[in-house]
Amino acid sequence: MTAHAESHSAHEKKHHGAGFYIGIWIFLLFCTAATYGAAQVDMGAWNLPVGLAIATLKGAVVCLFFMHLWGDTRANQFILILSLLFVTLMISMTLADVNTRFPLTAPPNSQRFKVNPNGQLE
Amino acid sequence: MSLAVVPEAAPHEAAQEPDYIRAKSGVLSWLLTVDHKRIALLYLGTVTITFFLGGLFALALRTELLVPDHGIMDAMTYNRMFTLHGVTMVFFFMIPAIPGVFGNFFLPIMIGAHDVAFPRLNLLSYYLYLAAVILGLWGMIHGGTDTGWTFYTPYSTTTTTAVLPILAAAFINGFSSILTGVNFIVTIHTLRADGLHWMRLPLFLWSIYGTAVIQVLATPVIGITLALAGVEHFLGTGIFDPAHGGDPILFQHLFWFYSHPAVYIMVLPAFGVASELVGAFTRKPLVGYKMIALSTFGIAFVGFLAWGHHLFTSGQSAVDAGVFGFVSMLIGIFTSIKIFNWVASMYKASIYMTSPFLYTLGFFFLTVFGGMSGVALATISLDVHWQDTYFVIAHFHFIMAGGVVLMFVGGLHYWFPKMFGKLYNEGWAMVAAVLVILGFIGTFTPQFLLGNEGMPRRYYSYPPHFQFLHVTSTIFAYILGMGLLLALINLIIGLINGPRAGNNPWGAPQYEWDTPSPPPEHNFSATPVINRDPYEYRGQEIIENAN
Amino acid sequence: MIFAAAFYNDWMRRILDLPDQASSIAPEVDQLHYFVIAVTMLGAIGLTIATIYFFAKYRYRGKQMIGQEYKPGPMFEVVAVSGPLAFFLLWFFIGFHQYVEISSVPDDAMEVYVMGKKWMWKFAYPDGPNAVGVLRVPVGRPVKLLMTSRDVIHSFFVPAFRLKKDVIPGRYSELWFTATKPGSYQVFCAEYCGTGHSMMRAEVVAMPQAEFDTWMAQQRNSPIPSQQDSYQSKNEPQRGQANMVVQGERLAGEKGCLKCHSVDGSAHIGPTWLGLYHRAERLSTGETQLVDEPYITDSMMNPTAKLVAGYGPVMPTYMGKLTAPESAAIVEYIKSLRDPQLQAQPSEGPAYEPGRRP
Amino acid sequence: MQTDAIDHGHEAKPTHLRFQFSDSARQFHAAKFGMWLFLGQEVMFFSALFCAYAYYRNQFPDAFWHASQHLNTKFGLWETVDLLTSSLTVALAIHFIRQGKRGLTSAMLIITILCAFIFLGMHSFEYYTEFHEGLLPGRFFHPEASIHLPPESAMFFTCYFFVTVLHSIHVIIGIIVLAIILAFNLRGKYSSAYYTHVEVGGLYWHLVDLVWIFLFPLLYLIT
């Protein structure tokens with residue numbers, strides 16, 4: 001955890017020059033263009049993962065450099081990781097539920113999973 | 001502690017500095033205070049009012065259930081009563097009670113700080129909580145709602161009763177809970193006195209820290225869920241309405257994603273108070289300090305994974321039921337670690353029999369039975385029979401009413417001399433404690449059998465063969481009510497003309513007993529240096545209680 | 001030995017106030033129940049006795065006595081963790097195994113539609129009469145309940161069968177049981193559903209198979225048409241003995257299905273309906289798909305998803321144009337086209353109307 | 001004793017040091033740590049909506065595809081670029097205040113607030129077009145004759161409106177917070193020794209931008 005004795009180090013942290021931030025900004029614009037371009041190409045099932053990957057990359061860059069999480073105390077980094085962990089946990093468990101549920105308990109036309117004759121999940 | 005070196009028997013030396021009650025006077029000094037101790041007393045006042053209000057609703061329910069059919073109220077009033085009992089107790093008493101009152105008062109003192117990290121944010125949290133209570137009361141006056149404290153859609157979005165004020169009250173209460181959590185975590189991280197490294201943190205603060213983590217990360221989900229239900233009720237946007245493709249089970253997932261960790265927001269502080277009481281009255285260092293601290297975090301994190309055991313019979317898939325059932329079993333382990341270590345701490349101890357410790361014994365008994373019934377409920381095939389019956393009501397009342405309320409009242413008795421500088425009448429407190437514990441056991445044990453018989457919960461009228469168990473439960477409910485009232489009256493009498501209490505009436509080893517009682521406004525004249533463990537008992541002379 | 005087990009079973013059941021075991025899974029669930037309750041109560045009573053014993057033995061009496069430092073070895077923590085953990089996981093695996101058994105329906109189950117409506121239960125047999133408040137089932141034969149609700153979430157709970165399943169509006173949920181003992185068992189609504197939640201009770205009457213068959217036959221040709229308000233949608237006048245297959249046939253005409261689907265086996269724009277049910281269709285993607293209720297319902301709502309080989313994607317979607325009972329009626333009509341000499345049976349499917357604004 | 005609007009800041013005393021902190025570095029660290037906890041809570045606040053979005057997209061994939069065709073992806077792209085620029089200017093604001101250049105910090109803050117207003121303008125225009133096309137959630141979903149959409153694409157618009165309205169509310173809160181920081185900065189309150197407010201306000205704005213970075217591909221670029 002944070003060594004609360006570290007008195008003034010928060011101020012003398014290595015400071016990036018203004019150009020560094022503009023560089024990050026250009027990288028982010030490039031990623032936005034990439035995600036826009038990737039959306040035009042129809043990659044079938046791969047579009048969502050690619051889009052999410054680019055968005056996560058941009059998010060990580062904003063967090064690490066714009067929000068100075070790179071050299072920050074471990075507690076701050078831990079909070080972000082923990083909340084993202086709980087977000088993925090919530091989404092994955094709810095989706096797992098709706099996809100393996102008794103087929104007719106899901107809305108009528110969302111049965112995209114294999115069903116054997118008497119409505120049993122395979 | 002530097003102060004500890006001073007010979008214990010000289011409480012008068014700190015008397016020149018006025019204590020926090022007499023430091024300032026006037027209503028404004030109380031309403032706009034940023035002193036964490038005064039905010040704690042404001043919380044104490046509001047929390048006691050909401051507790052007895054919730055208790056009145058409960059007694060009304062129990063009286064109605066004396067007879068199988070129409071008793072003293074009609075069905076709609078009964079439904080409103082059990083909803084208001086649920087909402088008042090869950091949102092306005094149990095979530096803010098122990099962190100709000102004891103967390104606020106003793107967190108800075110225990111870590112040797114002058115105040116919490118963000119004092120004004122602390123006051124803002126109290127006023128958000130007060131606004132939520134007032135909005136809730138306003139909703140109650142306007143007839144309240146009859147959806148139950150779980151607000152399940154599509155009933156909560158199509159009911160004609162005034163559900164919006166209660167939803168808004170719970171929403172605002174969430175923010176107060178989040179801000180308190182943020183405040184406590186930052187305080188524990190940054191304001192610890194020198195020498196107080198993590199392994200010397202009192203166990204009460206470990207449980208407050210675990211609770212704060214859950215408060216910060218789980219409460220926003222209920223905020224957004226209730227907002228969605230409110231907008232759905234108001235505008236009909238169809239997010240939970242099956243006619244437009246929505247899914248009511250999604251509401252249940254989002255609701256329980258908060259509400260299961262919320263039950264650990266309620267019970268973890270109670271475990272913390274229990275650890276303090278056992279540490280104080282067994283006159284020896286606590287057994288398994290590390291294990292108890294670690295199991296606090298175990299409960300806090302694994303608590304986030306087990307929300308699905310509330311949906312076993314709601315059409316959830318068997319795969320999910322398996323995963324949630326397995327994780328729910330793990331939580332049972334952490335609670336059993338705590339209980340085993342507490343009981344082991346009583347081995348070869350020198351137990352000092354006082355009313356707070358009697359509450360702790362009651363707490364052990366009720367939490368063991370409550371916890372065991374919880375594990376039985378987590379066994380999925382048994383839960384199919386027990387879900388939504390009185391067995392579930394008995395389970396969570398054993399832990400909530402038995403655990404949280406007993407530890408709130410026990411903690412209040414234990415810290416009463418420190419908070420108010422007065423001593424209450426020990427004899428009457430013992431009588432009240434016995435009444436309260438007997439009342440709990442008598443009220444909720446019959447409900448286990450009712451659950452087995454298959455009596456569903458939230459039933460206004462029931463088949464006649466359940467009546468005998470309901471009558472016994474109601475009789476003991478009145479005994480419980482009288483016991484709690486007696487305890488309150490005893491404390492008030494102690495407050496008015498109780499004898500003055502010294503710094504350490506119980507001879508307890510923890511840090512907060514080294515400050516004068518009641519402590520001065522900034523807690524310590526000199527910033528303390530902590531050089532001992534919290535439960536290291538140093539042969540302090542037991543100052544016999546005045547009465 | 002068996003006598004002792006039966007005595008133990010009945011003795012424990014009476015102590016725990018459990019209702020009698022009237023379904024096939026009730027005895028197994030109750031055995032696990034006794035095992036869990038016995039071990040937990042032993043553990044709880046053991047801890048309580050230890051607490052009281054320590055309290056009595058080590059109480060501070062007069063002279064100020066410091067408690068001796070007692071540091072139990074790591075074995076204490078290991079036992080404190082592994083002991084309960086072993087039991088908890090054992091219970092979990094038995095419980096989950098039983099839960100999978102509870103939720104997987106045997107194939108030969110007799111199907112009954114259940115409709116939860118604000119404060120009453122309605123039952124409809126696909127090939128028999130409809131009843132309000134009383135569900136008659138044969139003993140010894142698995143019965144599958146296909147349940148839905150007209151307004152809010154209810155829950156079909158039969159304490160004697162140890163079974164419960166929430167009934168969700170606009171969706172079907174499934175519950176099966178095999179009644180083992182003839183008799184009448186109370187049904188409760190377990191999910192809060194408004195003012196009459198506590199009055200929403202029904203009865204499951206389990207009858208020997210012979211008695212059940214006579215009752216069914218007697219009901220089928222009884223002249224009085226059982227009053228069916230649930231099917232009658234707002235704009236349709238009430239018609240006499242409207243059973244599902246007849247409704248399905250009329251609807252297929254009205255909704256224009258018969259313009260593309262023939263019922264006598266002749267080729268047409270869409271696949272013929274004669275003998276369509278339980279036929280293995282070859283899809284345009286090459287897979288074979290068994291035609292069953294979910295597939296037919298899905299094809300109505302989302303026709304181009306699984307197209308049969310050789311037919312064009314011309315069918316319009318019926319999502320929103322067909323309520324649940326209408327699609328269920330058409331499915332029943334298609335199922336009835338299986339075998340010309342099988343006499344069409346009346347039945348009634350559940351309907352869902354969106355929650356009315358206050 | 002005024003309770004200031006920014007719930008984590010402390011009004012400056014001569015040494016801007018609050019009585020309960022022993023030195024200003026620890027106070028600065030405490031404020032940042034508190035803000036990060038608040039951001040963790042904000043992430044969870046949006047997570048429930050992302051969960052609803054994932055839930056319904058998983059169930060009606062093609063309806064979501066049809067519905068998202070009717071969103072103005074060009075506007076979405078420019079809004080993303082606009083928010084990224086505002087994120088840059090806020091980062092530069094913190095950078096300059098650390099070096100004590102108050103003038104540049106004020107300039108950067110003004111640009112950020114302008115970008116925020118541009119974002120709100122573009123977004124409300126989008127809402128305006130959707131109102132006209134009748135693409136509204138749930139009960140109000142009555143697309144014009146020209147647009148033929150499967151009925152359950154109303155769920156897409158339910159999720160779309162919930163998430164974007166909540167995000168816009170956060171943008172408005174961000175504007176208020178940055179405006180207050182700008183006001184304090186113009187009154188010369190911050191220096192290279194004390195700039196906690198700017199740092200905390202910047203963190204909040206970056207979170208608002210972070211949420212939009214995830215929203216843009218999920219809502220506008222569905223294929």
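How many residues of chain B are in contact with how many residues of chain D? Select both chains: 35 residues of chain B touch 32 residues of chain D, where contact denotes C-beta atoms, placed from the backbone, within 7 Å of each other.

The model on display is predicted, so local features need pLDDT of at least 70 and side-chain atom pairs count only at pLDDT 80 or more, while totals for chains, interfaces and linings use all residues. Residues are numbered from 1 along each chain as its sequence is written, and chains are lettered from A and ligands numbered from 1 in the order in which they are written.

**Chain B facing chain D**

On the chain B side, colour α7 (119-141), α9 (163-190), α10 (203-235) and α11 (248-281), the elements that give two or more residues to this surface. Helices here are DSSP runs of H or I with at least four residues, strands are runs of E with at least two, and both are numbered from the N terminus. The largest share, eight residues, comes from α10(B). By class, this side of chain B has 21 nonpolar, eleven polar and three charged residues. In that division, Ala, Val, Leu, Ile, Met, Phe, Trp, Tyr, Cys and Pro are nonpolar, Asp, Glu, Lys and Arg are charged, and the others, Gly among them, are polar.

**The pair α7(B) and α9(B)**

The axes of α7(B) and α9(B) are 8 Å apart, and the packing angle is about 165°; each axis is a line fitted to C-alpha atoms over the stretch in contact, and angles run from 0 to 180 degrees between N-to-C directions. The two helices are therefore roughly antiparallel, a term for angles over 145 degrees, whereas roughly parallel applies under 35 degrees. The crossing of α7(B) past α9(B) is left-handed, that is, the near helix is turned anticlockwise from the far one by less than a right angle, with clockwise giving a right-handed crossing. Show side chains for the contact residues, including B:Leu128 and B:Trp138 of α7(B) and B:Ile172 and B:Phe175 of α9(B). This contact has 15 nonpolar, eight polar and no charged residues.

**Chain B as a whole**

Buried residues (20 or more other C-beta atoms within 10 Å of their own, with C-beta atoms placed from the backbone) make up 69% of the 547 residues.

**Two helices of chain D**

Select residues 24-59 (α1) and 196-220 (α6) of chain D, which pack at an angle of about 20° with axes 10 Å apart. That angle makes α1(D) roughly parallel to α6(D), and the crossing is right-handed. Contact residues include D:Phe28, D:Met35 and D:Phe46 of α1(D) and D:Val200, D:Leu207 and D:Leu218 of α6(D). By class, eleven are nonpolar, one is polar and three are charged.

**Chain A**

Finish at chain A, with three helices and zero strands. Of its 122 residues, 34% count as buried.

Conventions:
Buried ≥ 20, exposed ≤ 12 C-beta atoms within 10 Å, placed from the backbone. Contact = placed C-beta atoms within 7 Å. Parallel < 35°, antiparallel > 145°, perpendicular 65-115°, else oblique.
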